[in-house]
Amino acid sequence: MLSTRGTVALLVAFVTFIGVGLPLDRDIDVFQQTLVGFSAWVFLAVALALQPRDLRVQVLVLVGVATILEIIGSIVWGAYRYRLDNLPIYVPAAHGLFYLSALRAASLPIIRRHERLVIATVTVAATAYMLRNLVAAPLPDLLGFVTWAIFIRFIVRGRAPALYAVSFVMTSALELYGTGLGIWHWSPVLPLFMLPASNPPSGVGAGYAAMDALTRRIVRRMRSRTVAHRGARTTDGVAVPTVSIREPAISSD
């Protein structure tokens, strides 16, 4: 079981790391940025070492998914660019830390007790944020509208709406902070689709909902293959029984 105090400690450490690490990236070169990146990977390694195995696997799969999408979205597509036109090595690790923090934050007792209120509040705030950017000068945030619609879809039909609400708030705060510092910036017009976009788009928090859904699907397939492989083993002609794996729950101390 995962403790509430452990979750709070993780969140404080993550916020502190982002609060210190991103401002450092404003004026450093690639070598110095790499040193910051190594510290992010060390932080992720320590944080994952304290988690149950199933949670570690889920976070690591998300890191792989996010890294591929970062390369496509930033390096190849150009929907957004980092300050040095590269993919800083701290970014994949930060995705893992972010996802782990969001998973644990969404499972806090206070969030679980008031889940419907949290989801409703975030949905209303996200809608107001989208409408504000849709009429803001100089161009309407049409990419924000599209990503907001994706977010609403996951809130209504997704498997973990509380997680999506929490990650939307966290992503929006991080995007506003990072773009405000100039660490990365979004293209004013989305390449290929030619959609005007704010910096950042108002619905960018939907990205973690989509990545979580894809991650869960990959993890389920991995577990199904593992169970099938174990079930295929035999001892004296008798199949070895397997034990189903459940996602860990978080309880208060």
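Predicted model: local features only at pLDDT ≥ 70, side-chain atom pairs only at ≥ 80, totals over all residues.
Figure 1. Pro-200 sits in the loop that runs between strand 4 (195-196) and helix 9, where helices (H or I, at least four residues) and strands (E, at least two) are DSSP runs numbered from the N terminus. Residues are numbered from 1 along each chain as its sequence is written, and side-chain values use heavy atoms, with hydrogens and water left out.

Figure 2. Leaving aside residues up to four places away in sequence, Trp-186 touches Ala-79, Tyr-80, Leu-143, Glu-175, Thr-179, Ser-198, Asn-199, Pro-200, Pro-201 and Val-204, a contact being heavy atoms within 4.5 Å. Arg-81 is 105 residues from Trp-186 in sequence, yet their C-alpha atoms are 6.5 Å apart in space.

**Figure 3. The largest pocket, with about 1,000 Å³ of space**. On a 1 Å grid over the protein atoms alone, a pocket is an open set of points with protein on both sides within 12 Å along at least five of seven lines, a cavity is a set of points where a 1.4 Å probe fits but cannot get out, and lining residues have an atom within 4 Å of a point. Grid points are joined across faces, edges and corners, and a volume is the space filled by probe spheres set on the points. Of the 40 residues that line the largest pocket, Tyr-80, Trp-186, Val-204, Gly-207 and Met-211 are the closest to its centre. Among the elements that give two or more residues to this lining are helix 1 (4-24), helix 3 (53-76), strand 1 (80-82) and strand 2 (184-186). The lining of the largest pocket has 31 nonpolar, seven polar and two charged residues, where Ala, Val, Leu, Ile, Met, Phe, Trp, Tyr, Cys and Pro count as nonpolar, Asp, Glu, Lys and Arg as charged, and the others, Gly among them, as polar.

**Figure 4. The largest cavity, with a volume of about 30 Å³**. The count comes to one cavity of 30 Å³ or more, and its lining consists of Tyr-99, Ala-102, Leu-163, Tyr-164, Ser-167, Tyr-208, Ala-209 and Asp-212. Helix 4 (90-106), helix 8 (161-181) and helix 9 (206-232) are the elements that give two or more residues to this lining. By class, the residues lining the largest cavity are six nonpolar, one polar and one charged.

**Figure 5. Positive phi at Asp-85 and Met-194**. Asp-85, which is not a glycine, has a positive phi of about 55 degrees and is placed in the loop between strand 1 and helix 4. With 55% relative accessibility, Asp-85 counts as exposed. Met-194 likewise has a positive phi, near 55 degrees, and is found in the loop between strand 3 (189-190) and strand 4. Its relative accessible area of 56% makes Met-194 exposed.

Conventions: Buried < 20%, exposed > 50% of the residue type's maximum accessible area, 1.4 Å probe, protein only.
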